[in-house]
There are 2 protein chains.
Amino acid sequence: MFEAAELGRKVSKAEFQRLEPELRTKLLETQRVDTRGITTSAFWDETDEERERPTAWRFWRCMPERGKIGIFFGSWYSEPIVERAFGELSKGEFELHLDRIASLERMLSADGALILKLWFHLSKKEQSKRIDDDRKKEGRNTLDVSPFTKKFAKRFDQFAAISERAIRRTDTGSCAWRVIESTNRRYRDLATGFILLDALRRRLDSVAATPEPPDSQEIQIPDLEAARVTILDRVDLTERIEPEAYSRELKSLQARLNKLSWKAWERKHTCVAVFEGWDAAGKGGAIRRVTRALDARLFRVVQVAAPTDEERAHHYLWRFWRGLPRAGHITLYDRSWYGRVMVERVEGFAREEEWRRSYREINSFEEQLCEHGITLLKFWMHISPEEQLRRFQEREQTPHKAHKITDEDWRNREKWDEYQAAVNEMVAKTSTSEAPWTLVAGDDKRLARVQVVRTFVEAFEKALD
Amino acid sequence: MFEAAELGRKVSKAEFQRLEPELRTKLLETQRVDTRGITTSAFWDETDEERERPTAWRFWRCMPERGKIGIFFGSWYSEPIVERAFGELSKGEFELHLDRIASLERMLSADGALILKLWFHLSKKEQSKRIDDDRKKEGRNTLDVSPFTKKFAKRFDQFAAISERAIRRTDTGSCAWRVIESTNRRYRDLATGFILLDALRRRLDSVAATPEPPDSQEIQIPDLEAARVTILDRVDLTERIEPEAYSRELKSLQARLNKLSWKAWERKHTCVAVFEGWDAAGKGGAIRRVTRALDARLFRVVQVAAPTDEERAHHYLWRFWRGLPRAGHITLYDRSWYGRVMVERVEGFAREEEWRRSYREINSFEEQLCEHGITLLKFWMHISPEEQLRRFQEREQTPHKAHKITDEDWRNREKWDEYQAAVNEMVAKTSTSEAPWTLVAGDDKRLARVQVVRTFVEAFEKALD
């Protein structure tokens, strides 16, 4: 494959001086921002903050906003290729990385990002020549040789074969690779510029990204009585717990959770918990019963509200990637990425093809958390419409609770059926064996809290066993 | 001092239940946001990303925006106190930390932040009791004992003495300490709530922060001819370099810089460089001659433009703290924190007391960089007004340069004298022996570039020697 990039392409100095200013002007016109809209990120030596999170975290933290350009020097390809070349990854593991990369690129691309992948190629001969030059001239006048060049050059053939596989596997329609012959610096720079210019122009001309084929919809079952029974209907809302038993059990569970959380910290075991549920279902109260058991240094509660401007300018998963805890810590999300398939779906903030494809995106996100060894808990706090009404009315009458009830809550309540359909589909599509949903019977607040804290305790015990 | 916090203050359960909802309602009214405006940060185990930068970096990255509340669990006090208690800091070093803390707090406070410092006190006896309880009950029903509690309890007396010193030294009018007796949980929580409520209310009533006494102005020397000679006048703008000599020398310097930058990376030696100068003085060209010598993984260029919304909602130094490089890396600032005493001063974006106090703030910031072992370079690219005019006209006539010249540049040019006064004062007040300004003779672009690259080479050679 790389033969096509060893043809000896050259640009003369005179030609370069003629073409370069023109290209530069056109790029500036097309891009409409100057270097301030461009950020360059180099990906090589991972920090411990990066190592303590799933691999993709370091890329998400550098993602450019909409309208901006991010130059990634090194990328999600570098580490798998290097590790494979040095035999640290098996063939199967390497393929798994490529799968994950393809799915990340598809996701960003579907979200409107233009992804340009440039491979700068040097022949084996040319690389050796540069290393020799560097040695002979004692480092004078050669700027291309880094401390790694020699180490990598020894495995040139492995690198070539592995890179070729990576390029072929991920060379898709919307995210194609461009291999650039890089022996002649002037040719390399001009080629890069023209590829960039061409890609930007074509994207601007086509207005929007090529639409992804929409994910398939649920097949509707004819309106039989049995088909109307949903996952949520199976939650038993009639059960109750006595106040004394509650108090005793909660205290005992909290003490166990406290010790487990320190043990998890010592072992650098991370936990992410998601709380979703009907308005007034008791999310906040349940979260407080969990955090009461935890040292303030070990956890963080993230309240998910409408996205900020900065968040809106990224893929919707960006803000959740950004908030992932360090190893050994616990993050509790009060509402979460599931907003995409609930409020954004029901209120029409996301288009149907957007929220439909997000089931797959969310599953892939959660898979990466679980693979990294994170314990992921997902709670749906369930209550009956009658109980919700009772709580709304109570809130309106209690001064320090009145701020918790707004017109929006009443409006959401009117859409109970639509939300119910969304919740059922959400649970059906995202309850996986690694990260199942816990459906919490919430009509009795005390019972719900005990169930939540117990789920934490059991999950930690299982993980730390 | 802590005797006053060992008086056995208690709140009964009934009293707590009466006062707590009222306090909560009032706090919500006063704060006008709910928990979404509050972020909690715990400061204890430093990450390597934090260790690779000056100590204060980890606090700056968690600073709340204007209008938000940041709860710091542990703080800039924790590490010095713990290290002093375990004998890792000498008395003198500890005092230096307290000085730096006082100056940070004064700076944030002058910028409008309300700083509440709460010390939660337990007597030696009460602490022992809790540790005993934890042991006896095998961890059941006690949540207050962390893995550190015992280790720290053994040095209770040292901690008490050292903390008392820290509190006394930093208990200033605008940033006072409150010591809260914490044996009784209900008393502790209510006291905390009322202190917070009181402080918020008083601040909101007083509209603005107590004004800091303004920093003294320069004493004006009567209008003698000799007094008009400035630092900038001493730059010799007539010198020139031949193109061939330039080319040879630049290449040789770049090759040296390349090797030095890898050596610096190996030794984890960091460099921060600031480029300021007249419009069209050649900042960009000089920066490119430096970066041409560097591997893209080792450096980052930060273009400083008007602050974003997020940046505007913080102290003006926040965005520069945020951008500090990891150890072994180089950051080049194209314009910098000096905007505060130049464009913000001349254009009136900052009030006089604001930009006047920023000389001190900038010196303290740079002092922290230098103390951390960072090489700090500051370039003022100087040209004559005649040369500037020539370049403006040339830019207007060259297509790929036309975007670089705007009406604003012409307007700035009219304020040459005001800017000149600002530059002279800036250099006079912030050129320190650790971080001197390099005044670059810029009328000959080539000469300027050689001077800049040579300054890098010499600074690295000195630092790595």
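Tutor: Start with confidence. pLDDT is the predictor's confidence in each residue, from 0 to 100. The mean pLDDT of chain A is 88, and 93% of its residues reach 70 or more. For the model as a whole, ipTM is 0.74 and pTM is 0.81. This is a predicted model, in which local features need pLDDT of at least 70, side-chain atom pairs count only at pLDDT 80 or more, and totals for chains, interfaces and linings use all residues. Residues are numbered from 1 along each chain as its sequence is written, while chains are lettered from A and ligands numbered from 1 in the order in which they are written.

Student: How many helices and strands does chain A have?

Tutor: Helices (H or I, at least four residues) and strands (E, at least two) are DSSP runs, numbered from the N terminus. Chain A has 19 helices and nine strands. Its C-alpha trace spans about 85 × 50 × 45 Å along the principal axes.

Student: How are the two copies related?

Tutor: Copies are superposed by least squares on the C-alpha atoms of residues with pLDDT of at least 70 in both. Here a rotation of 180 degrees, with 0.0 Å of shift along its axis, puts chain A on chain B with an RMSD of 0.1 Å. The two copies are therefore related as by a two-fold rotation axis. A:Asp48 is the residue of chain A that comes closest to the rotation axis, at 3.1 Å (C-alpha).

Student: Which residues of α10(A) are buried?

Tutor: A residue is buried if 20 or more other C-beta atoms lie within 10 Å of its own, exposed if 12 or fewer, and partly exposed in between; the C-beta atoms are placed from the backbone. An α-helix has 3.6 residues a turn, so residues three or four places apart point the same way. In α10(A) the buried residues include A:Leu253, A:Leu257, A:Leu260 and A:Ala264. Among the elements that cover the buried residues of α10(A) are β5 (271-277), β7 (330-334) and α19 (445-464) of chain A. Over chain A, 25% of the 465 residues count as buried.

Student: What span should α10(A) have?

Tutor: The expected span of a helix is 1.5 Å times one less than its number of residues. The 24 residues of α10(A) should span 34 Å, and its end C-alpha atoms are 35 Å apart, which agrees. Just after α10(A), A:Lys268 takes a positive phi of about 60 degrees.

Student: Is A:Leu143 exposed or partly exposed, and where is its place?

Tutor: A:Leu143 is partly exposed, because 17 other C-beta atoms lie within 10 Å. Its place is in the loop between α6 (124-136) and α7 (149-153) of chain A. Leaving aside neighbours within four places in sequence, A:Leu143 is in contact with B:Gln254, B:Ala255, B:Asn258 and B:Ala293.

Note on methods:
Contact = placed C-beta atoms within 7 Å.
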